[in-house]
Amino acid sequence: MRRWRTVTAGLTALALGAGLAIGGATSASAEPVGNWGTFTLSGASKAYTGTMTMAGFPDTTFTSNSRQSTVISGASTWQSAGTPVGQAGFGSSRGTTYMNQRPTADNATSPSTTTYTFAEPTPGGRSWAFVLGDIDADQATVTATDVNGNPISAGAIGFNGAAGGNTGYNSCSSVAEGGWPCGRGTTDDPTPGSDVPTWTPNTGTAGGGTLIGNASASDTAGASAWFSPTASLKTLTVTYQQRSGFPVYQTWFAVKTATISGVATLDGTAIPGATVTATAPRGVVYTTTTDADGRYSFPALPQINDYVVRITTPAGAVDPDGTDDGTSIVSGVSLNLSTTGNDRTDVDFAFTSPPETTSVIGTVTDDDGNPVSNVPVVITDPDTGDTLVDTTTNSDGVYTGSDLPADTDLDVSIAAGEPTTITTGDADAAPVEPEPIVAPAAVIATVTGVVTLDGAAVPEGQVVDLLDETGAVVGSTTTGADGSYVFATVAGTYTVRTVVPAPGATGDTANTGVTAVAGDSVTSDLPFESPAVPAVITTDQPGTVVDTNGDPVAGVDVVATPTDPQAGGPVTVTTDEDGAFDLTGLEPTTEYTITVDVDGAEAQPIVTPEEGAATPLAFVVPAAATPTPTPTPTATPTATSSPTAVPTLPANGGTGSTPGNAAGDPGNGGPLAYTGADLGPGLIAAGVLVLLGAALLTYRAVRNRRRSHLQD
């Protein structure tokens, strides 16, 4: 909304036309680093749709009837780490996208409505934030609903006022360390960085509140407010309306994340491929699996408290939590203990066998060595026929069993096939790890596919999960260099899922109803498309250069140098024959100094508009100094004895001998070009000669007439 006004200046105070067009998501650390949202946008005026994506946050879509919505790169306007939202642990948004939006029409009765819908309930605990910027000559009403569709109170929406009050803050560099350069004062904004919006909670059952710009509805820079909801939201709506002028407002999203990690072991030996879940208080479940070292990690969980972490207890093992319900639980895992959060790297699961017993950690593969997941495994005592372990292989084809007799031959049967003999180890010792067992091809069903982005393979290592009909993860693998994955499993109906391979990428992250048949293979590809590239908004600065005589000055360089070096390098252009120039490709809302490469030309500071052309500048420079020509002396005609003797005149009326021209060339009797020199003496001399010549001609004519008369 910043309709920047650039004051044109010059020695002649030349005023040229003015027309200003305004159009239009880590782990915690000592230095807060937030995850700021990445926006995508599609549709057209008054019918926009899009997405907002950031790590550790539910998938978010939005609809808007804004007259104009634009995704901005964040290179020239941002929320710095020095703003209140940045200091709260969200860090800086610089270089990440945000949304510019307008009302449906530029009047107080035509607001635009933008509604964000979250695929899962959002985290609470002030772990995420949204920021509304450039609220000055406009207002924004914020409402939200919970998971049941009920309105959220103003308090739960989490407005963060300065000193706990009802005013927002300003994001300009003059008041926020590391902020964007908000420029010099204007009539509307004489002290940039001073304007802040005001929050007024709504009354009644609607909930929410309204963020209102300054009382005079003046167009200023940087007026912002941030919100960190305490409740879980299903939707968030911003209703935006004009109060004066041609407004536009900005929207950012951010989330603070931290890590939960640990290791799973059985009798001190790592358990690979085990499924681990972390459940947030709002019910959202995050899933991962242990690696070859038994370690797992959730690297980007919303920074909230009271997660519950779960893993399946190996059959017969002693559960560290003291229960025997088949699942080991660590509850009360909190990440929101400080502004920057606390990574939890100690959520371990150390399983042990009962005293005087031992354990086994084995693997099942197919003929090609691929792990076979979700296949039934039964361990029996061949002497007694007793079933000691009845389990299934995990995502890495690993099966575990505990509470086994030491130093004993046992039978292991895969999918009710012929048993394989294994021998257990010593009591109270590490688990035996027998050679992998190859499952019969007739019982293996294969699920395979390729994950692509824009038709090309995603980078190697993209995680793909296989879920059974209950939603449990029964297989997890990663893509190869060609984007392919493969699951060897048993017959059944599955869901294949992954995550978007790039922020904002579009495509189905899950294929449901994938039917796998024993002895056969089924294909389930996961194609994605890259998000639309954020609009690269640039502005241009036109203008003219003339001299003090009003003549255009051609061929001189005009340079725009940004005040902030991070805004880019200088931009240079040369004036044309009319003295005109146009500096293109300038950063929007950025302070520049414009200079002309002529001695005596004064620099002019400007602040570029958000887009389009700025008000033209006019430079008036001193006229070029040219030495005054020295006239060539001309002899005064002298009368001779012949009464008809007169000076010889050229046919064009000039003199026979004229002063040299400005270039020092002999005169040709034509008009003299103006060069800035004082032509008075030369013109006087020429005038005298012309008058003298005319007098002589007149004298001659009179004399001839007399002679004729006398002869008559």
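Predicted model: local features only at pLDDT ≥ 70, side-chain atom pairs only at ≥ 80, totals over all residues.
A charge is taken to sit over a ring if NZ of Lys or CZ of Arg is within 6 Å of the ring centre and within 35 degrees of the ring normal.

Figure 1. Lysine 256 lies over the face of phenylalanine 90, at 5.0 Å from the ring centre. Over the ring of tryptophan 78 sits the charged end of arginine 94, 3.7 Å from the centre of that ring.

**Figure 2. The aromatic pair of phenylalanine 90 and tryptophan 226.** A search of the whole structure finds 22 aromatic pairs. In this edge-to-face pair, the rings are 6.1 Å apart centre to centre, with 70 degrees between the planes. Phenylalanine 90 belongs to helix 1 (residues 84-90) and tryptophan 226 to strand 13 (residues 223-227), so the pair ties together parts that are 136 residues apart in sequence. Both phenylalanine 90 and tryptophan 226 are buried.

**Figure 3. The largest nonpolar core.** This core has 37 residues, of which Val364, Tyr399, Val412, Ile414, Val447 and Val496 touch the most other members. Strand 31 (residues 445-453) gives the most to the core, with 4 residues. Beyond its neighbours within four places in sequence, valine 447 is in contact with Tyr485, Val486, Phe487, Val496, Val514, Ala516 and Val522.

Figure 4. Strand 28 (residues 409-414) is joined to strand 29 by 4 bridges; aspartate 409 has threonine 423 of strand 29 as its bridge partner.

How values were computed
Residues numbered from 1 in each chain as written. Heavy atoms only, no water. Core = buried A, V, L, I, M, F, W, Y, C linked by side-chain atoms within 4.5 Å. Buried < 20%, exposed > 50% of the residue type's maximum accessible area, 1.4 Å probe, protein only. Helix = DSSP H or I, 4+ residues; strand = E, 2+ residues; numbered from the N terminus. Contact = heavy atoms within 4.5 Å. Pairing = 2+ DSSP bridges. Phe/Tyr/Trp six-rings, centres within 6.5 Å; stacked < 30°, edge-to-face > 60°.
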